[in-house]
Amino acid sequence: MSEGLRIASDKDTGVAVLTLDRPEKLNAIDVGLAAELAAAWRAFRFDDSVRAVVVTGAGERAFCTGLDRGVEVAQPASPYMVDDPLLGIGPKANDLWKPVIAAVHGMACGGAFYLLGEAEFIVADETATFFDPHTTYGMVSAYESVYTAHRMPYGEAARMALMGTAERISARRAYDIGLVSELTPRGGALDAAVRSATVIAACPPEGVQGTVRALWTAHEGARAHAFAQAAQLISLGNLPLERQAELFATRRSNGFRVR
């Protein structure tokens with residue numbers, strides 16, 4: 001893989017660890033990394049030695065901070081069409097039904113929820129924080145909010161989306177509301193996630209993958225219905241890119257509350 005993505009597989013346990021490896025960019029995802037993520041998930045479909053996957057981020061500051069601000073994505077003129085480079089970065093978007101566990105430390109925000117929303121569950125250490133910056137910078141949180149509304153109580157998902165960069169959800173709060181399934185001491189999330197993945201990978205894969213598919217089906221209809229409206233909401237609600245850039249430059253240093 002490239003410098004943006006690392007994959008380590010243990011043939012004995014059947015667990016692969018996929019690491020976003022752009023710590024200098026807080027593991028933000030550019031177009032190249034987005035394509036590599038999609039290719040990695042699709043490759044796992046054909047690798048029977050991999051029976052469970054852990055996804056994490058390199059460095060100590062962030063799991064992932066979403067789309068790299070330096071990415072320029074050309075958009076159609078029609079308000080009914082939006083090109084989102086992150087829509088294809090998750091396992092379910094690539095028809096992978098092997099279990100995926102996210103191991104989170106540091107910041108997880110914005111487009112990170114395209115990955116977190118398609119993981120079976122999340123393990124986080126005490127440094128983890130979760131937030132959604134879209135509204136602060138004049139953007140609609142559409143796909144991200146659909147994912148979070150299926151992972152946490154509606155009021156918590158709404159508060160996170162609407163408060164933008166003014167608030168971050170602490171690891172403890174995320175655990176208390178069910179977004180995070182296991183909370184570990186600093187630096188312990190990856191090991192804990194691998195331990196759980198190892199247990200799951202030891203089970204017969206047919207039953208595991210069928211269970212993953214059944215769980216996803218429980219929310220799939222509502223998610224698909226919401227996604228069908230997302231492009232138009234983004235087209236109608238997003239400020240022009242120039243105005244977004246102005247807000248990003250002026251508001252990025254503002255303080256925030258952790259709750």
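I take buried to mean under 20% relative accessible area, exposed over 50%, and partly exposed in between, with a 1.4 Å probe and protein chains only. Y143 has 5% relative accessibility, so I log Y143 as buried.

**Ground rules.** I am working on a predicted model, where local features need pLDDT of at least 70, side-chain atom pairs count only at pLDDT 80 or more, and totals for chains, interfaces and linings use all residues. I number residues from 1 along each chain as its sequence is written, and side-chain values use heavy atoms, with hydrogens and water left out.

**Overall form.** I looked up the radius of gyration, taken over C-alpha atoms; the globule rule is 2.2 Å times the number of residues to the power 0.38. For 259 residues a compact globule would come out near 18 Å, and the protein chain has 18 Å, so the two agree. The C-alpha trace spans about 50 × 40 × 35 Å along its principal axes. I find 49% of the 259 residues counted as buried. I took contact as heavy atoms within 4.5 Å. Among contacts between residues at least 6 apart in sequence, 74% join residues at least 24 apart.

**Helices and strands.** I used DSSP runs, numbered from the N terminus: helices are H or I with at least four residues, strands E with at least two. The protein chain has eight helices and 11 strands. Two strands pair if DSSP finds at least two bridges between them. I traced an open sheet of five strands, ordered β4-β6-β8-β9-β11, with mixed pairing. Its edge strands are β4 (62-64) and β11 (257-258), each pairing on one side only. Inside the sheet, β8 (residues 129-131) and β9 (residues 167-170) pair in the antiparallel sense over two bridges. I noted I169 in β9 as the bridge partner of F130.

**Rings.** I searched the whole structure for aromatic pairs and got seven. Rings of Phe, Tyr and Trp (its six-membered ring) pair if their centres lie within 6.5 Å; planes under 30 degrees apart are stacked, over 60 edge-to-face, the rest tilted. Y143 and F227 have ring centres 4.9 Å apart and planes at 90°, so I call the pair edge-to-face. The pair links distant parts of the chain, 84 residues apart: Y143 is in helix α3 (residues 143-149), F227 in helix α7 (residues 205-237). Ring pairs also join Y114, Y143, Y147 and F227 into a cluster.

**Charges over rings.** My test wants NZ of Lys or CZ of Arg within 6 Å of the ring centre and within 35 degrees of the ring normal. K92 lies over the face of W216, 5.5 Å from the ring centre. R168 lies over the face of F256, at 3.7 Å.
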